[in-house]
Structure formats: C-alpha cells, structure tokens
Amino acid sequence: MGRGKRARGEIMDITRVSDIAQHDGQQVTVQGWVYNRTDKGKLTFLLVRDGSGFVQCVAFKGDLDETLFDRIRHIPQESSVVVTGTVRADKRAPGIPGGYEIGISDLQIVQAADEDYPMALKEHGVDFALDHRHLWMRMPSQWAILRVRATVISAIREWFDTNGYLNMDTPILTPAACEGTSTLFETPYFNEGMAYLAQSGQLYNEANIFAFGKVYAFGPTFRAEKSKTRRHLTEFWMVEPEVAFCDLDQLMDIEEQFVAHIVKRVLKDRRAELESLGRDISVLEKIEPPFPRISYDEAAEMLKQIRDETDDPEKKELLTFEWGMDFGSPHETELTNRFDKPVFVYGYPTQVKAFYMEPWPGRPEVCKSVDLLAPEGYGEIIGGSERISDHDLLLQRIKEHNLPREAFEWYLDLRRFGSVPHSGFGMGVERTVAWLCGTEHIRETIPFPRTIKRVYP
RNA sequence: UCCUCGCUAGCUCAAUUGGCAGAGCGAGCGGCUGUUAACCGCUAGGUUUCAGGUUCGAGUCCUGAGCGAGGAGCCA
C-alpha cells in the first residue's frame with residue numbers, strides 16, 4: 001500500500017466522521033472499522049464507523065490499482081482500516097450523519113479481521129446479543145443508545161453544576177440498608193462484619209446539604225432483589241440531588257426544569273442518533289414545563305374509572321386497586337397513557353413509602369412524596385420526597401420500622417443541629433435513557449448490563 | 001418466589017397426523033458502476049439443549065433436568 005506511506009514523524013491529520021460535512025470536496029483520512037461491505041462489480045461500498053459516526057466509502061476499480069481494489073473488495077467485516085479519499089455530498093450515501101461519502105484513493109488495513117465475526121447485520125435474539133455485548137455495542141442501534149446515554153449523563157452534570165449544586169458523592173460500601181427494606185448485596189469487610197453495596201446515597205446526601213446547601217451524588221446503585229423485568233437491572237446508575245430549605249412543591253419545580261433540560265440537550269446533540277433509532281422526536285419536543293401534577297388520591301380515582309371502563313377481564317384483574325396500595329407497573333402504564341408529558345404523582349400513602357418522608361399536614365396517612373412517571377408506558381423515572389425534619393418524629397419512625405437506632409444516630413443528629421425543611425430525589429439514568437430512545441429493554445441503555453441472570457461479559 | 005413461554009446450521013426461523021434435516025441471512029468463490037438488510041450463480045455448514053421413555057420409526061409424543069425470555073411482586 002505504497003500510496004499511503006507517510007514520512008516518519010509526520011503527524012497524521014485525521015477527520016472524524018461526525019465532522020464529515022465540514023470537509024465537502026476535501027481529501028480526508030479516517031481511522032475506523034469496516035462495518036459492512038457491498039461488492040458491486042467495479043464498485044465496492046464500505047460502511048466505515050470510527051466511533052463518532054458511520055460513513056460510506058466508495059472504491060471504484062478504475063481509480064485504484066488492481067491489488068488495492070482487490071484487497072478492498074475482499075476485506076473482512078470489522079477489519080480496522082485507515083481510509084484516505086475525497087469527501088463528496090451524495091443524497092444516496094447512508095451513514096450517521098449520512099449524506100456524504102468518501103471516494104477512496106487509498107486504504108490501509110491495520111488488522112484484517114477474522115472471517116467468523118458472529119454479529120449478523122440483522123436482528124438477534126436477546127440472549128445471543130447479550131452474550132456478545134462487547135461486539136453488539138458496535139452496531140448502530142446500540143451505539144446510538146449509548147451515545148444518548150453519555151449525553152444524558154453530561155446534561156445531568158451540566159444542569160446541576162450550573163444551578164448551584166455541588167457534586168458530593170456518597171459511599172458505595174455501607175454499613176446497613178439505607179431504607180431498611182431492599183435486599184442488598186453483601187460482602188465481607190475486614191473485621192467489621194458485613195458491608196453492603198449502596199442502594200441509595202440519600203441519607204449521606206442529607207448530611208452533605210447541611211455543609212454545602214445543594215448537592216448531588218451520582219454513581220452506581222445496587223439492588224439484589226430478584227426483579228426480572230425489562231425495567232430492572234441489579235446494577236444501575238442513579239443521580240440523587242438533595243436541597244436544603246426546599247419543600248415538596250419546590251422539589252417538583254426543580255425536577256421539571258431538570259428533566260426538561262436533559263430532553264432539550266439530547267434533542268440538540270443526539271438528534272441523528274434518535275432518528276436512526278426510529279424515535280418519534282415530535283413526542284420529545286413537547287416535553288416542556290410545567291408537567292401535570294396529580295395527587296395519589298386523584299390517580300387512584302382515575303384508575304378506578306379506567307378499570308370500570310374496560311371490558312377486558314385480564315386488564316380488570318391487573319388494574320385491581322384499593323386506596324393504600326402502591327401503583328404497580330400496569331397502573332403506571334394506564335395513568336401515563338393519559339398524558340403526553342411526564343406526570344407527577346404526589347402524596348402517596350405513608351405505609352408504602354420509606355420511613356423518612358415528611359407527613360402531609362393534617363393527614364398523617366399520607367406523606368410528602370412524589371414520583372415522576374414518564375409517558376408511553378416507561379413508568380417511574382424519579383422518586384423523591386420532602387424529608388422529616390423533626391427529630392422526635394424521625395426517631396418514632398425509626399422505631400416503628402424496627403430499624404437499629406444506633407445505626408441512625410448520625411442521621412438523627414442532622415435534626416438536632418440546625419434542622420431545616422429539605423427535599424431530594426433519585427433519578428434512574430437507564431430508565432430515562434430508555435424513555436428518550438424508545439428502547440424496549442433497559443439493559444440496552446448501559447454498556448454492560450447486570451441482571452439477575454447475567455454477569456458476563 | 002410465583003405464572004406463562006421458548007431451546008433445530010454462526011444468526012433468524014421453518015419442518016403438515018410421528019415418516020428422507022430445510023430456507024433466508026452470514027461465510028468462501030464467481031458475476032454486475034450506485035449498493036442502502038442489494039441482486040444472480042456455485043460451495044461449505046447439523047450430537048435438533050441434555051438424560052431417559054413410548055414406537056417399526058421421534059425435531060415432533062411422554063417424564064425429568066438444564067439454560068434463557070416475558071410478566072407479577074419489589075423498585076429507579
């Protein structure tokens with residue numbers, strides 16, 4: 001491949017596929033991998049991906065020496081390559097962003113891939129795809145989803161960092177259950193008995209706000225429950241802001257500004273990816289504050305009505321509901337189908353929520369909690385509440401839930417030294433990404449998913 | 001933990017009442033100057049998840065096991 005040789009020490013000027021439109025008419029060099037090859041007589045089309053996008057590269061037999069053209073014609077899928085050629089606009093050119101292609105003048109093979117690459121360019125079964133996650137993520141759908149994920153994470157940090165919040169991460173190894181209910185992963189911890197992988201950083205965040213005012217923790221969260229649905233992972237990422245001097249109404253204001261920002265940012269920076277996924281973008285463009293706010297009581301009434309109106313006995317059974325129950329997945333789906341924006345449901349029964357939630361004034365059976373349910377059946381993406389700020393009430397709740405008081409002494413201290421009304425929430429990153437991408441399974445929204453049946457690869 | 005379903009070529013699937021193990025894609029070779037999951041021809045590719053059983057004969061029926069999926073519960 002003599003044509004492409006460079007003098008030693010010469011710095012190669014590499015173009016990113018995402019920037020290809022800025023190089024129309026110019027000669028460029030792209031480094032990447034051959035995603036697909038279509039051989040068409042005197043023409044060979046290579047779809048090359050470089051991490052930033054997918055671009056079609058065209059080899060024409062008449063423009064190249066025979067050896068090079070023959071090598072291009074037989075290059076195995078997924079071979080790593082350095083391609084040099086001239087960019088031209090062509091509406092027929094596929095790719096992401098697409099619309100431009102490279103007329104190949106030179107191509108070097110860095111490694112010719114083995115010929116038994118297992119990922120077909122068609123659909124795969126779930127099990128096969130997940131066993132090959134390390135290769136599956138190269139495919140456009142997975143690549144697009146994970147690009148959206150990175151932008152969601154960036155938007156999360158951007159919003160908090162520019163709105164006066166301090167990033168203050170919380171421990172992953174913890175001495176006990178935060179909320180006293182979930183099943184946790186445990187691990188031996190030197191001479192201290194068992195440590196547990198965190199299911200939430202919230203309690204630590206409550207300590208942090210008394211030093212820093214507004215904080216957010218962002219990290220992995222672990223749940224050992226044997227949940228086995230398209231909405232569950234055993235390891236997932238959660239962002240948890242906590243705010244001093246903040247009540248439930250103010251919390252909802254924060255949540256809707258925050259979520260709207262994420263949506264806006266994804267629409268701005270990842271439109272091509274959403275389009276490549278076939279996502280209906282007009283649905284996302286409607287996501288602007290304010291979001292509807294309904295009480296648990298109103299939601300319960302709506303569900304009763306929906307259940308009365310259906311003739312489907314199976315659906316009737318699934319929608320069985322009495323005041324005091326938590327909403328199940330079928331309930332959330334029915335509720336959110338009635339709205340085209342995320343909807344707040346606030347004021348849940350105290351008995352179905354965690355011990356630390358502030359009671360509703362004058363209605364002790366209800367607490368100042370709020371969930372944000374995403375539309376299109378994606379369900380709960382945020383759970384939050386105003387926290388109990390009174391020391392004696394909190395102590396009473398700890399006793400009622402049979403939690404070990406000694407483990408919560410530091411938490412109770414927060415109510416003794418300058419207690420204030422405060423609130424916070426936790427947002428599941430993967431569920432949010434699944435909603436934005438229109439992904440059916442949450443496991444596609446994290447690079448290497450961990451589920452009850454899977455720790456490989 | 002409970003309910004339902006699935007397992008056949010590298011992948012996605014078909015195989016009639018129990019009667020010769022099949023197709024498409026992928027791979028290799030050849031053809032074609034515009035392919036978009038191209039198309040055409042040829043070639044290779046199988047312990048039908050496993051262990052038993054019924055039968056002249058089992059991918060198909062029966063029993064058990066394994067693995068996986070969807071849903072419920074719980075949650076983000």
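Phenylalanine 190 counts as exposed, with a relative accessibility of 75%; here exposed means over 50% relative accessible area, buried under 20% and partly exposed in between, with a 1.4 Å probe and protein chains only. The residue is found in the loop between β9 (186–188) and β10, where helices (H or I, at least four residues) and strands (E, at least two) are DSSP runs numbered from the N terminus.

The structure is a predicted model, in which local features need pLDDT of at least 70 and side-chain atom pairs count only at pLDDT 80 or more, while totals for chains, interfaces and linings use all residues. Residues are numbered from 1 along each chain as its sequence is written, chains are lettered from A and ligands numbered from 1 in the order in which they are written, and side-chain values use heavy atoms, with hydrogens and water left out.

Chain A as a whole comes next. The chain holds 14 helices and 19 strands, and its C-alpha trace spans about 85 × 60 × 40 Å along the principal axes. Of its 457 residues, 49% count as buried. The accessible surface comes to about 22,000 Å², and carbon and sulfur atoms own 50% of that; these areas come from the Shrake-Rupley method with a 1.4 Å probe, and for residues only the protein chains shown count as cover. Contacts (heavy atoms within 4.5 Å) were also sorted by sequence distance: among those between residues at least 6 apart in sequence, 69% join residues at least 24 apart.

RNA strand B is surrounded by 50 residues, and the closest are Phe60, Glu101, Arg223, Arg230 and Arg431; a residue is near the strand if one of its heavy atoms lies within 4 Å of it. Sugar and phosphate account for 46% of the atoms of RNA strand B that come within 4 Å of the protein. The surrounding residues divide into 13 nonpolar, 14 polar and 23 charged, with Ala, Val, Leu, Ile, Met, Phe, Trp, Tyr, Cys and Pro taken as nonpolar, Asp, Glu, Lys and Arg as charged, and the others, Gly among them, as polar.

A polar side-chain atom of arginine 223 lies 2.5 Å from a sugar or linking oxygen of RNA strand B.

In α11, His331, Glu332, Glu334, Leu335 and Thr336 are buried, and the buried residues of the helix pack against β13 (293–295), α9, α10, β14, β17 (369–374) and β18. Strand β18 is also the place of glutamate 386, which counts as buried at 6% relative accessibility. The side chain of glutamate 386 reaches the backbone nitrogen of leucine 248 at 3.0 Å. Residues touched by glutamate 386 include Asp247, Tyr356, Lys368 and His422. Methionine 357 is 29 residues away from glutamate 386 in sequence, yet 6.0 Å away in space, C-alpha to C-alpha.

Aromatic pairs (ring centres of Phe, Tyr or the six-membered ring of Trp within 6.5 Å; planes under 30 degrees apart stacked, over 60 edge-to-face, the rest tilted) number 25 in the whole structure. The rings of tyrosine 296 and tyrosine 348 have their centres 5.5 Å apart and their planes at 50°, so the pair is tilted. Tyrosine 296 lies in helix α9 (residues 296–309) and tyrosine 348 in the loop between β14 (343–346) and β15 (359–360), so the pair ties together parts 52 residues apart in sequence. Both tyrosine 296 and tyrosine 348 are buried. Tyrosine 348 also pairs with phenylalanine 327: the ring centres are 5.7 Å apart and the planes at 70°, so this pair is edge-to-face.

Two cis peptide bonds complete the description. One joins isoleucine 96 and proline 97, with omega about 5°, and another runs from proline 289 to proline 290, with omega near 0°.

Definitions and conventions:
Polar contact = N/O pair within 3.5 Å; in protein donor to acceptor, adjacent residues only side chain to side chain. Lists of a residue's contacts leave out its neighbours within four places in sequence.
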